[in-house]
Amino acid sequence: MWRRAATAALSLGAGAGAVSIATSEDPAATFKVCAHLPPRLLRDSVTAATIAFDYKWSLWGLEPGTPVWQSAKHHAHLRSANRLQELCFRNGGIYIKLGQHIAQLEYVVPEEYVQTMRESMLKRCPVSSYEQVRGVFTKDLGESPETVFAEFDPAPFASASLAQVHVARTHDGQKVAVKVQHDHLTNTGVVDIATVDLLVNALHYIFPTFDYRWLVDEVRESAPKELDFLNEAKNSERCLNNFRKLSPQIAGSIYAPKVYWNLSTSRILTMEFMDAKEVTDVSGIKSIGVHPVDVSNL
């Protein structure tokens, strides 16, 4: 059964890879990415098979609902969550976004998965090399960061699952935050969602009670939007306009960084750099003369 599943996974990956190459704006680069698909698919298949076998073996012969069954299930959840976490880190990109999504699904997926993902997914995000960042600039804006900006810090200020942020200064002296998408993510994203979809459906076929197909549907719908930074930029402006129209009494207390449209693309987002305190940094909020209770009320 698992041999057939692995064969199907590799076949799907090959087909998805061919589609990505055919539709990519940079077929050579996409071909290089797709060359890494077989090991990714193999990791997916082995992880899925191991998780399925672990649950089957750990709960074999135990009476559902008994303390022994509950304990065995808890430890199986922990082991499986750690395996899924490691898979997300090794594959990166959409997989990390999936892990972060799972971390927010309290009361929906087992607590062991939520806690495992929550403890790690925001701390071990991938970082693109400066050469990869320069590649994105060359493809999207036709020039290197050093030419587009008067100053550009090659070391990222922050990194997340889909992109990283660099501090820069425009030629007219404005300090900006430049969000740059991890290279080739647009091409690999389609393939990654397809492989995750295959594995989740395979596990559901083998174990009918394991049904997280809805989670893949959510990621499939949200990922393309998150990969389009111009969509994010439009939403930031729409957000402010909505407050001005619908809640004018508090609109003056809400602000979104200015978007530099001429320095932004679907994979590069340049915005006004703002020094601020995180909403959970109570002491920091107090240090700038703002009362936490006012923030809470707002």
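So, at what angle do helix α5 and helix α10 pack, and how far apart are their axes? Keep in mind that this is a predicted model. The angle between α5, residues 94-103, and α10, residues 213-226, is about 120°, and the axes sit 11 Å apart. Oblique angles take in what lies between 115 and 145 degrees, so α5 and α10 are oblique to each other. Their crossing is right-handed.

Who touches whom? From α5 we have Ile94, Lys97, Leu98, His101 and Ile102, and they meet Leu215, Glu218, Val219, Ala223 and Glu226 of α10. Sort those contact residues and you get 6 nonpolar, 1 polar and 3 charged.

Okay, on to salt bridges. The count comes to 13, and I'll walk you through a few.

Take aspartate 54 and arginine 79, with N to O at 2.8 Å. That one links helix α3, where aspartate 54 sits, to helix α4, where arginine 79 sits, 25 residues apart. Aspartate 54 has 7% relative accessibility, so we call it buried; arginine 79, at 33%, is partly exposed.

Next up, lysine 179 and glutamate 232, whose closest N and O atoms are 2.8 Å apart. Lysine 179 is in strand β4 and glutamate 232 in helix α11, so this pair ties together parts 53 residues apart in sequence. Both ends are partly exposed: lysine 179 at 24%, glutamate 232 at 32%.

Finally, arginine 267 and aspartate 140 form a salt bridge at 2.9 Å, N to O. Arginine 267 is in the loop between α12 and β5, aspartate 140 is in helix α7, and 127 residues separate them. Here arginine 267 is buried at 11%, while aspartate 140 is partly exposed at 25%. Through shared partners, Lys139, Asp140, Asp183 and Arg267 join into one network.

Definitions and conventions. Residues are numbered from 1 along each chain as its sequence is written. This is a predicted model: local features need pLDDT of at least 70, side-chain atom pairs count only at pLDDT 80 or more; totals for chains, interfaces and linings use all residues. Side-chain values use heavy atoms; hydrogens and water are left out. Axes are lines fitted to C-alpha atoms, for helices over the stretch in contact, and angles run from 0 to 180 degrees between N-to-C directions. Helices (H or I, at least four residues) and strands (E, at least two) are DSSP runs, numbered from the N terminus. Angles under 35 degrees count as roughly parallel, over 145 as roughly antiparallel, 65 to 115 as roughly perpendicular and the rest as oblique. A crossing is left-handed if the near helix is turned anticlockwise from the far one by less than a right angle, and right-handed if clockwise. Contact means heavy atoms within 4.5 Å. Ala, Val, Leu, Ile, Met, Phe, Trp, Tyr, Cys and Pro count as nonpolar, Asp, Glu, Lys and Arg as charged, and the others, Gly among them, as polar. A salt bridge is a side-chain nitrogen of Lys or Arg within 4 Å of a carboxyl oxygen of Asp or Glu. Buried means under 20% relative accessible area, exposed over 50%, partly exposed in between (1.4 Å probe, protein chains only).
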